[in-house]
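Hi,

Here is the structure I promised to pass on. Please have a look at it first, and then read my notes below.

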Amino acid sequence: MGHTVGDRGESVTGAGPTLVIRGGTVVDQSGERRADVLIAEGRVAAVESRIARPRGAVVLEADGCVVAPGLVDLHTHLREPGREESETIETGTRAASLGGFTAVVAMPNTEPALDSAEAVRNVQELAVGASAHVAVAGAITVGRAGERLAPMSELAALGVRLFTDDGAGVQSAGLMRRALDYATGLGVTLAQHCEDRTLAGDGAMHEGAWSSRLGIPGMPAAAEEVMVARDIALVRALGARMHFLHLSTTGSVDLVRRAKSEGLAVTAEAAPHHFSLTDGRTADYDPVFKVNPPLRPQADVDALKAGLADGTIDAIATDHAPHAPELKDLPFDQAPPGMLGLQTALSLAISELDLPVARILALLSWQPASICGLDPVHGGDQGGAIVPGAAGNICVIDPTATWTVEASMLASRSRNSPYDGRKLTGRVRHTVFRGEPVVIDAEAQR
Amino acid sequence: MSPFPAHLLSMDDLGTEEIVEVLEVADSFVEVGRRANPKVPTLRGRTVATLFFEDSTRTRMSFETAAKRMSADVLSFAPGSSSVKKGESLRDTIETIEAIGIDGVIIRHASSGVPARAAGWLDHCSVINAGDGWHQHPTQALLDLYTVRQAFGGGDSGLARFEGMQVVIVGDIRHSRVARSQITAYTALGAEVTLVAPTTLLPPSLEGWPVTSVTQHLDDVLPKADVVSLLRVQSERGSGEFVPTLREYTADYGLTARRATMLQPGAFILHPGPIVRGVEIASEVAELPAALITDQVSNGVAVRMAVLFLLLGQGTLGGAHRG
């Protein structure tokens with residue numbers, strides 16, 4: 001099959017194999033129904049209660065499984081270019097496909113940062129042939145240095161819909177105001193990693209009982225919350241829209257809940273590790289539990305779960321952040337923050353959240369697709385309902401299967417999963433990306 | 001009696017029984033130190049390495065003297081604070097130590113948790129924490145206990161004095177590995193600990209800490225204190241971020257000559273050193289008979305000999321973990 005790069009960076013597929021996804025329950029925005037799904041030439045060709053296998057078609061068995069639109073990760077660090085020893089677009093998107101994702105938003109903190117047309121085009125070209133769609137997020141400021149605006153209009157013309165300096169928040173309120181104002185005119189969304197540097201300081205974990213006992217410099221919850229509050233004030237003042245990355249504290253969830261009740265155009269995401277792990281896990285000083293924002297106490301975990309349940313938080317996003325093993329063998333305060341997440345996100349959501357599968361899929365598929373402009377409403381091919389004519393981006397999930405995470409068996413180039421040895425419920429069985437089966441029976445095909 | 005632990009990473013590794021054991025073993029090594037030839041063959045054939053990623057001549061010399069007095073072979077590594085710059089990871093450095101065949105490694109590092117991580121990477125080598133970041137400095141706390149017990153008469157009667165003893169720890173608790181170890185150590189023997197510090201130099205949370213009280217008023221607690229333990233204030237902490245000036249710190253928290261007169265007769269003053277005269281302690285106060293600062297240093301060798309003996313002494317009280 002031939003790939004070409006479309007004018008917004010998307011890959012346009014010609015022909016593809018014929019697939020029948022048989023025996024599953026289709027779950028999408030329109031509800032759920034028992035149906036087989038026929039995929040041909042990259043698109044959904046039929047959704048019917050029983051589809052006979054056409055000659056030459058590949059059958060993907062889905063008995064007892066959920067057939068859903070492919071998952072969309074708003075927050076992935078693919079590390080290429082610049083840190084290929086930790087991850088590449090090839091290995092990162094393979095991990096994504098094994099986790100049920102058919103699209104990932106690639107964060108711009110590569111080396112060089114994705115703050116220019118040349119850098120964005122480079123990643124778009126490198127992503128041709130990847131196992132999932134790579135939507136590039138652009139930097140808000142040049143070099144993510146927080147000093148002057150990156151050429152957002154030029155990047156928007158290349159298809160960039162989400163801008164962030166992720167890894168750092170835009171520290172200057174004045175510059176953030178200009179950025180929001182400018183973005184509003186372009187119709188793109190800014191996403192903030194909320195962390196006030198003067199409060200976070202050299203903090204390497206959540207500031208609280210554990211950091212005090214362990215003698216590790218902490219970053220207080222307020223370091224996140226003051227920037228959430230600041231940006232909500234800017235959104236209110238400007239009538240802008242904005243997305244909050246990886247909320248981690250009770251106070252942040254409360255601020256976003258109130259902003260939404262006011263009718264402000266804010267959306268938010270939460271990362272699986274923030275609703276499944278607490279700061280006590282750092283007790284052995286293992287940097288595999290170091291992440292930014294840091295793991296928080298149980299009360300914050302509970303607040304995130306409540307925010308996911310009541311709709312305050314719109315998306316589960318992985319913040320997949322690979323780091324080569326030698327970097328995680330550094331002392332805790334020197335090791336870089338970040339955890340693998342693509343292959344465990346869905347299972348953690350099923351295992352940890354007391355939500356129906358359809359709600360979990362909303363948080364992992366069509367809601368994030370809408371936030372980053374990859375859904376059909378915005379002209380994209382992700383997260384849409386599974387109906388004839390829809391794009392062939394689908395994941396098949398066995399919601400009751402159990403498996404044990406083995407960090408050494410993950411597809412990422414790195415091994416920094418905090419879930420090594422943990423038993424999880426819910427597993428991706430097949431993933432179809434643009435009509436091609438990239439994962440069959442939990443095995444990557446590319 | 002429970003076996004002595006495989007490593008000494010934190011005061012939390014020792015129960016009351018093990019602490020008393022260290023103090024009693026140290027008594028015999030104090031006696032050794034008084035001999036014309038202060039050397040015993042206890043660790044002959046064993047190899048001990050000091051691995052100080054952070055400079056500390058005093059603590060390193062104390063450990064090396066302790067090991068040499070026990071006839072151990074002593075290696076001294078000084079890899080500097082950032083081995084990464086040299087292209088070798090911390091883990092590689094630690095695993096090299098084991099491959100060389102070292103029995104005990106004494107680690108100091110500016111980052112909290114490095115001795116604990118090292119212990120996890122080693123199979124046959126005991127780790128002694130000689131100070132990690134803000135976390136722990138257990139041999140300092142043990143030598144403080146030894147010194148206080150000695151000052152109160154030594155032996156079982158000195159030990160008995162810890163029950164209900166009023167210990168006041170003054171200074172930069174937030175950034176102090178010494179304080180974190182001392183609090184556990186004193187309370188394990190029955191003492192009651194009061195912390196005195198400006199709120200900016202207290203840990204963000206004291207949840208779970210066995211302290212009796214916390215105050216910003218040193219004058220209120222001095223008259224009832226049996227032991228006042230001062231912590232060094234690093235000058236950068238008094239440059240406007242944590243306290244406005246060192247002058248203001250000394251006015252509120254320094255053990256000045258005036259404040260020293262408030263102490264009850266028989267109370268003692270400790271300081272882990274190096275002291276900053278005129279900041280946390282007045283020069284003349286440091287010279288008072290009640291000040292045990294030089295006793296702490298000389299007892300340090302005997303206490304570290306005791307720790308080495310209990311961790312590495314084959315076929316004796318310790319060393320049960322290996323095999």
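A crossing of two helices is called left-handed if the near helix is turned anticlockwise from the far one by less than a right angle, and right-handed if clockwise. Please keep in mind that this is a predicted model.

With that in hand, let's start in chain A. The crossing of α8(A) and α10(A) is a left-handed one. Helix α8 of chain A covers residues 250-261 and helix α10 of chain A covers residues 298-310; their axes are 8 Å apart, at an angle of about 25°. Angles under 35 degrees count as roughly parallel, and α8(A) and α10(A) are therefore roughly parallel to each other.

Which residues make the contact? From α8(A) they are T250(A), V253(A) and R257(A), and α10(A) brings in A299(A), D300(A), A303(A), L304(A), A306(A), G307(A) and D310(A). Sorted by class, the contact of α8(A) with α10(A) has 5 nonpolar, 3 charged and 2 polar residues.

Now over to chain B. Its domain assignment gives domain 1 as 11-136 + 297-312 and domain 2 as 138-295. The C-alpha centres of these two domains of chain B lie 25 Å apart. Across the boundary, 32 residues of domain 1 of chain B are in contact with 29 residues of domain 2 of chain B.

About 2500 Å² is buried between domain 1 and domain 2 of chain B, and carbon and sulfur atoms give 59% of that area. On the domain 1 side of chain B, M11(B), L23(B) and W134(B) lose the most area to domain 2, together 27% of what that side buries.

Best wishes

Note on methods. Residues are numbered from 1 along each chain as its sequence is written. Chains are lettered from A and ligands numbered from 1 in the order in which they are written. This is a predicted model: local features need pLDDT of at least 70, side-chain atom pairs count only at pLDDT 80 or more; totals for chains, interfaces and linings use all residues. Side-chain values use heavy atoms; hydrogens and water are left out. Axes are lines fitted to C-alpha atoms, for helices over the stretch in contact, and angles run from 0 to 180 degrees between N-to-C directions. Helices (H or I, at least four residues) and strands (E, at least two) are DSSP runs, numbered from the N terminus. Angles under 35 degrees count as roughly parallel, over 145 as roughly antiparallel, 65 to 115 as roughly perpendicular and the rest as oblique. Contact means heavy atoms within 4.5 Å. Ala, Val, Leu, Ile, Met, Phe, Trp, Tyr, Cys and Pro count as nonpolar, Asp, Glu, Lys and Arg as charged, and the others, Gly among them, as polar. Domain bounds come from an automatic or database domain assignment. Buried area is the accessible area (1.4 Å probe) that two parts lose on being put together, summed over both.
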